[in-house]
Amino acid sequence: MVNQPAQNERPPEGIKLTPEQEKSRRARNIAIGLAVGFFVVLFYAITVVKVGPAVFNRPL
Amino acid sequence: MSYVSEQNGLDQARISLAGPGDYFALLKPRVMSLVVFTALAGLLVAPGQMNPVIGFTALLAIAIGAGASGALNMWYDADIDAVMTRTRTRPIPAGLILPNEALAFGLFLSVFSVFMLGLVTNWLAAGLLAFTIFFYVVVYTMWLKRSTPQNIVIGGAAGAFPPMVAYAAATGSVSLSSLVLFAIIFVWTPPHFWALALLKSKEYQAVGIPMMPNVKGPDHTRLEILLYTIVLAPLAVVPWLMGFASPVYGAVAISAGLAMLALAVRVFCVRRGQGRDEESDRAAKQLFAFSIVYLFLLFAVIVVENSVSRLGF
């Protein structure tokens, strides 16, 4: 009796991306990275504007 | 099986070919730019000074909230978008983004934009933004759009809220001046959309959307376009009469209002049939195109004159 592979079993070598899939995934990753970086800078600026030097002026 | 479940079931494990531009298209960038513009007017009309970083962030949050509504609208309307020529190249019907991906994207951006606005400005503005998203997605897209020819009249409120949200972000309150800006966009929406609906009535008919020309007929639509424009033209002058816009704005609002009125009268008078089909369609097309210019002009004057006075010129 031959063992049948499970239906959803992935090929042993893994999923190979086509060049188009790799290109679009890379573009998405870069866009997410840029967006995260932008929001880090924005939230830092907002903190400075809203709290300013008073950030150190609080009870410990 | 619905379009959405069909598409999601088809290819759950596929690897997306969608680029950042396709996700950006989900946000309806053209609508978003109009939202940013009208919100900027609301921000500038508000009394008092606002830090530019906070002002920029408030506008960004409003823009992201508007984009999120667009993504959720495209998720829900994917079935009809696939049929209409104007919308069949959108990312979901084009097969670039799965409906569930658009849903997750829209929900994440909705929550993100509301909390960002609330934390950076105040929770009245955040509540108004949340209500705007809810109104556009649930009240307009899911309920009114497919059930009544008054869909864009009531749904138009969603597009009219941004100046009010921005005003609330700047002041923490709602005033008569922000309500006037709301009212201008609210009354502008029906003649703008019905001019387009007159041209695309066959497509709306094909997908079962009860737009005014399909339900009450083109002649009744022309009458309603005219009536709304008769209300709109004097309403647009109110910011000058109330004193939060200059006489220059008043002159622009009066002259552009008369032009809008003339085009609406032409749409009303030139009916299809007796060899005038082309002329009638041209009249509707001109009204649709001019309505965009009209709203842009009104808000551009408000933005420019308030920017100039804030910069101290």
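A helix is here a DSSP run of H or I with at least four residues, numbered from the N terminus. The exercises below concern a predicted model.

**Exercise 1.** Determine which helix of chain B holds B:Ile152, and whether B:Ile152 is buried or exposed.

*Solution.* Begin with the secondary structure: B:Ile152 belongs to helix α8 of chain B, which covers residues 151–160. Next, take the cut-off, under which a residue is buried when its relative accessible area is under 20%. The relative accessibility of B:Ile152 is 2%, so B:Ile152 counts as buried. Finally, list the surroundings. With residues up to four places away in sequence not counted, B:Ile152 touches B:Tyr140, B:Thr189, B:Pro190, B:Phe193, B:Trp194 and B:Met211.

**Exercise 2.** State how far B:Ile152 and B:Phe244 are apart in sequence and in space.

*Solution.* Along the sequence, 92 residues separate B:Ile152 from B:Phe244. In space, their C-alpha to C-alpha distance is 28 Å.

**Exercise 3.** Describe the contact between chain B and chain A by residues, area and polar pairs.

*Solution.* First, count the residues: 18 of chain B are in contact with 17 of chain A. Second, take the area: about 1300 Å² is buried between the two chains, with 79% given by carbon and sulfur atoms. B:Ile15, B:Leu17 and B:Pro20 supply 36% of the area that chain B buries against chain A, more than any other three residues. Third, consider the pairs: there are zero salt bridges between the chains, and four residue pairs are in polar contact.

**Exercise 4.** Identify which helix of chain B gives the most to the side that touches chain A, and classify the residues of that side.

*Solution.* Helices α2 (20–26), α4 (52–76) and α6 (99–120) of chain B each supply at least two residues of this side. Of the elements in chain B, α4(B) gives the most, with six residues. By class, the side has 14 nonpolar, four polar and no charged residues.

Methods: Residues numbered from 1 in each chain as written. Chains lettered and ligands numbered in written order. Predicted model: local features only at pLDDT ≥ 70, side-chain atom pairs only at ≥ 80, totals over all residues. Heavy atoms only, no water. Buried < 20%, exposed > 50% of the residue type's maximum accessible area, 1.4 Å probe, protein only. Contact = heavy atoms within 4.5 Å. Buried area = accessible area lost by both parts, 1.4 Å probe. Salt bridge = Lys/Arg side-chain N within 4 Å of Asp/Glu carboxyl O. Polar contact = N/O pair within 3.5 Å; in protein donor to acceptor, adjacent residues only side chain to side chain. Nonpolar A, V, L, I, M, F, W, Y, C, P; charged D, E, K, R; others polar.
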